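Subject: A structure for you to look at

Hi there,

I'm passing this structure on to you, with some notes on what turned up in it. Have a look first, then read on below.

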Amino acid sequence: MRSGISALAVGLMGGLAFGQAPTIDGTADAEYGAALAVQNTSTQFGDANMGLVDFCNGSEADVGYAVIVDGVLYLHIAGNLESNYNHMDIFIDSVPGGQNKLRGDNPDVDFNNLNRMGDDGSGNGLTFDAGFEADIFMTVAGGDVGGGTYGLFSNWAQILTDGGGEGRYLGQGGAVTDGALFGGNNPNGILVTIDNSNTAGVLGGNGLDDGSGVTTGIEIAIPFADLGNPTGDIKVCAFVNGLSHDFLANQVLGGIGGGENLGEPRNVNFANIGGDQFFTVSGGGGGCDSDACNGSETLTIKVRAKGCGCLVKAIIKGGTPDANYGVLTSSGECVLKAANARGKVAVKECPGVSGTVSVPSCGLSGIATCP
Ligand SMILES: [Ca+2]
Ligand SMILES: [Ca+2]
Ligand SMILES: [Ca+2]
Ligand SMILES: [Ca+2]
């Protein structure tokens, strides 16, 4: 009788623990662990005091939390986003290459306002800290969509080394939802929601402050497929920006160490501001690493009822013969298995469970749904 996991080297991974995924609801779950960045500057974009989950009268970026689980980056920017369509802009350095200084020919998203931050032809453009080369842009804004109804909106774009690339309006969501977006183009299922109820965190002003302790705000889940399939650490730079992405707040994570709003985005250079205006999320591979990925691999998940229970079968095709692939099963086990001469890997788990099966190093994932 077949039972357990068919694997060559499970024991190698025995000491590793794989985290549970946070729940997308606007609250920073315990699964995030410790804060990765804490705001050190009072806000000049309004100190929110309404206490509602949706409508809000100020913006602040108090705390940055993030964790990677099963090939998904979970990100929580605790604080507030004023419901006047000001923006939380998030730049992610997830893979080699990208832009340290924003070009002017990036994808047209959010009324072409990603390019409002880029080079206008004079050689300017928002510049990140040394070594931060953005690959992905996301932005979130919310407000009254009519009749006193709150709506949240998000856009995503590639930031390619040579410009161009793809951008998408992901759709409309809401406050304290499960993050689902509708009406847009969101093929890999990015989730976004907000809990705008914080009334603590930093105060209004431009001096030194402390945003620690805030656990409500913007919560996002981004599948690795929308991050360029990262295999290492991921860096995140998040800041509050104006309606047309044309006026940077003094709310950046990591903080700017006290100071006025940064203003014209094209003239901002984070390398000239003390400290890191980004934070780092470790473990792009989630610890379940493959030897290498050739980029042609595909992952298929098959599920059926067997005498042993729910048989979950993960099949990689197009792999490099003899290379070891790390498959993270839906029960959270990491299975290392070499591809055969035809580049195929099959990992079976029985009894298995419903959930995500992934090959984190290769950015592949699929859903197992047990009968
Ligand atoms: Ca949550
Ligand atoms: Ca990069
Ligand atoms: Ca506050
Ligand atoms: Ca800096």
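Strand β4 (residues 72–80) and strand β11 (residues 217–223) run antiparallel and are joined by seven bridges. Strands here are DSSP runs of E with at least two residues, numbered from the N terminus, and two of them pair if DSSP finds at least two bridges between them. Across this pairing, tyrosine 74 faces alanine 221 in β11.

A word on the source: this is a predicted model, in which local features need pLDDT of at least 70 and side-chain atom pairs count only at pLDDT 80 or more, while totals for chains, interfaces and linings use all residues. Residues are numbered from 1 along each chain as its sequence is written, and chains are lettered from A and ligands numbered from 1 in the order in which they are written.

Both strands belong to an open, antiparallel sheet of five, ordered β2-β3-β4-β11-β10. At its edges are β2 (37–38) and β10 (191–194), each with a single partner strand, so one side of each has no neighbour in the sheet.

Strand β7 (residues 150–158) is worth a look too. Seven of its nine residues are buried, so the rest of the structure largely encloses it; buried means that 20 or more other C-beta atoms, placed from the backbone, lie within 10 Å of a residue's own. Nine bridges tie β7 to the antiparallel strand β6 (residues 136–144), with glycine 143 partnered by glycine 151. Five residues lie between the strands of this hairpin, where glycine 146 has a positive phi near 125 degrees. β7 also pairs with strand β8 (residues 167–173), antiparallel over six bridges, and there leucine 152 has glycine 173 as its bridge partner.

Finally, the chain divides into domain 1 (4–16 + 287–368) and domain 2 (30–281), with bounds from an automatic or database domain assignment. Their centres, taken over C-alpha atoms, are 33 Å apart. Eight residues of domain 1 contact seven of domain 2, a contact being two C-beta atoms, placed from the backbone, within 7 Å.

Enjoy exploring!

Best wishes

Notes:
Helices (H or I, at least four residues) and strands (E, at least two) are DSSP runs, numbered from the N terminus. A residue is buried if 20 or more other C-beta atoms lie within 10 Å of its own, exposed if 12 or fewer, and partly exposed in between; C-beta atoms are placed from the backbone.
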